[in-house]
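Have the structure open while you read.

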Amino acid sequence: MFSEMPPKTHDVDTAKSEVLAYICQEMSCDMAKAIRLFNSMRHPKCRVLVFDKIERQWKGCSFRPSDAETSELSILREHRSLERQVAAVRSELRRLAKEVEALTKSNKSKRKGKKTSEEETPAEEPTANDGEDDIDEMKKLLNEVIA
């Protein structure tokens with residue numbers, strides 16, 4: 001029912017809110033119930049109503065404009081929005097990969113310091129690789145995701 005809702009504006013002042021008026025009309029309910037319904041439908045887990053940041057309006061999650069040109073523009077906007085989100089995730093992955101690399105370098109320099117002190121006092125048991133394999137696997141995984 002509301003997933004096909006056309007774009008409507010919302011205002012803190014309930015008298016000016018087109019979304020709340022639409023909900024009241026469709027559900028034949030009072031304003032208090034319309035506010036509760038709106039809050040539940042816009043919740044991120046439900047996502048029946050979504051906010052269009054470009055138009056600054058609320059619309060149904062499955063809404064598509066009636067004419068082909070406007071519909072195509074709407075789909076292109078959504079696609080560009082998703083591309084921006086992917087770019088943000090990729091940049092975050094690159095940043096995390098650099099942090100992992102820096103930590104690996106600092107960890108190796110600490111090991112070198114340990115090895116020089118171990119050479120002075122020989123250890124009876126061989127030391128483990130301290131998770132170098134795990135770090136290498138993480139690097140490979142991050143590089144695959146970035147590529």
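## A pair one turn apart

Let's start in helix 3, where K105 and E101 sit four residues apart, or about one turn of the helix. Keep in mind that this is a predicted model. The two side chains form a salt bridge, with 3.7 Å between the closest N and O atoms. That falls inside the 4 Å cut-off, so the pair counts.

How exposed are the two partners? K105 comes out as exposed, at 54% relative accessibility, while E101 is partly exposed at 38%. With a limit of over 50% for exposed, K105 makes it into that class.

R95 takes part in a bridge to E92, at 2.4 Å from N to O, and in another to E99, at 2.2 Å from N to O.

Where do these partners sit along the chain? R95 and E92 are three residues apart in helix 3, which covers residues 68–120, so about one helical turn separates them. R95 and E99 are four residues apart in helix 3, again about one turn.

As for solvent, R95 is partly exposed with a relative accessible area of 38%. E92 is partly exposed too, at 35%, and E99 gets that label at 37%. Counting over the structure gives three salt bridges: R95 with E92, R95 with E99, and K105 with E101.

## The cysteines

How many disulfides does the structure have? A search of the whole thing turns up zero. A disulfide is a covalent bond between the sulfur atoms of two cysteines, so the distance between sulfurs is the thing to check.

Is C29 buried or exposed? With 18% relative accessibility, C29 counts as buried, because the limit for that class is under 20%. C46, on the other hand, is partly exposed at 40% relative accessibility.

How values were computed: Residues numbered from 1 in each chain as written. Predicted model: local features only at pLDDT ≥ 70, side-chain atom pairs only at ≥ 80, totals over all residues. Heavy atoms only, no water. Disulfide = S-S within 2.5 Å. Buried < 20%, exposed > 50% of the residue type's maximum accessible area, 1.4 Å probe, protein only. Helix = DSSP H or I, 4+ residues; strand = E, 2+ residues; numbered from the N terminus.
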